[in-house]
Amino acid sequence: MTRIKIAYALSAALVLFVLYFGSGYVFFPQTQTGGFGLPVMPSEGDPILAVKGVRDIGTALVVLALLLFRNVRALGWAMLALAFIPFGDMLIVLTHNGSVAAALGIHGATCAVMLLISALFLIRPAQSGQ
């Protein structure tokens, strides 16, 4: 399997994963409140949970659109830029007495996967004979 095919497969899996939990924050917030990693989460009726869900769904839809258009360079740059979201979430959890395991294991790992996908799309292999 080529690196681009691997990057596409990882991107598609990421889209499905983010759509799944983003939808959960919008439609079933009571099931999602403990998974972010903060010691205190808003109650299930708090609209901030829906805001987080909409942000996640929007992120997944951007990646999905670029996947469908098969624009490798644009997808790589978008993935690199969008990796800031889980990185920021990780910093928020770490700086607000949240779970270190959740910060690194959920948000940090998501950021790392996104950076890996970005690298797979953007790094061009060396030309033979150079």
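Modeller: Helices are DSSP runs of H or I with at least four residues, strands are E runs of at least two, and numbering starts at the N terminus. Keep in mind that this is a predicted model.

Colleague: Fine. What pattern does the protein chain follow along the sequence?

Modeller: It reads α-α-α-α-α-α. That comes to six helices and zero strands.

Colleague: What does the C-alpha trace span along its principal axes?

Modeller: About 60 × 30 × 20 Å. The chain has 130 residues, and 37% of them count as buried.

Colleague: What about contacts between residues at least 6 apart in sequence: what share joins residues at least 24 apart?

Modeller: The share is 73%.

Colleague: Let's take α1. How many residues does α1 have, and how far does it reach?

Modeller: α1 has 25 residues and runs 36 Å from its first C-alpha to its last. That is close to the 36 Å expected at 1.5 Å a residue.

Colleague: Which residues of α1 are buried?

Modeller: Ala7, Tyr8, Ser11, Leu14, Val15, Val18, Phe21, Gly22, Gly24 and Tyr25.

Colleague: What do the buried residues of α1 pack against?

Modeller: They pack against α2 (29-32), α3, α4 (72-82) and α6.

Colleague: How does the lining of the largest pocket split by class?

Modeller: There are 14 nonpolar, five polar and four charged residues.

Colleague: You listed Asp56 by the centre. Is Asp56 buried or exposed?

Modeller: Asp56 has 5% relative accessibility, under the 20% cut-off, so Asp56 counts as buried. Asp56 lies in helix α3.

Colleague: What does Asp56 touch, leaving out residues up to four places away in sequence?

Modeller: Asp56 touches Val18, Phe21, Gly22 and Tyr25.

Colleague: Now the second largest pocket. What is its volume?

Modeller: About 230 Å³. Two or more lining residues come from each of α3 and α5.

Colleague: Which helix gives the most to that lining?

Modeller: α3, with five residues.

Colleague: Which residues line the second largest pocket?

Modeller: Phe36, Leu38, Met41, Pro42, Ile48, Leu49, Val51, Lys52, Arg55, Asp89 and Ile92. Lys52 is also listed by the centre of the largest pocket.

Colleague: Last one, Val62. Where is Val62 placed?

Modeller: Val62 is in helix α3.

Colleague: Why is Val62 called partly exposed?

Modeller: Because its relative accessible area is 41%, and partly exposed is what sits between buried, under 20%, and exposed, over 50%.

Colleague: How far apart are the C-alpha atoms of Val62 and Gly76?

Modeller: They are separated by 12 Å, with the two residues 14 apart along the chain.

Notes. Residues numbered from 1 in each chain as written. Predicted model: local features only at pLDDT ≥ 70, side-chain atom pairs only at ≥ 80, totals over all residues. Heavy atoms only, no water. 1 Å grid on protein atoms, 1.4 Å probe; cavity = no way out; pocket = protein on both sides within 12 Å on 5 of 7 lines; lining within 4 Å. Nonpolar A, V, L, I, M, F, W, Y, C, P; charged D, E, K, R; others polar. Points joined across faces, edges and corners; volume = space filled by probe spheres on them. Buried < 20%, exposed > 50% of the residue type's maximum accessible area, 1.4 Å probe, protein only. Contact = heavy atoms within 4.5 Å. Expected span 1.5 Å × (residues − 1).
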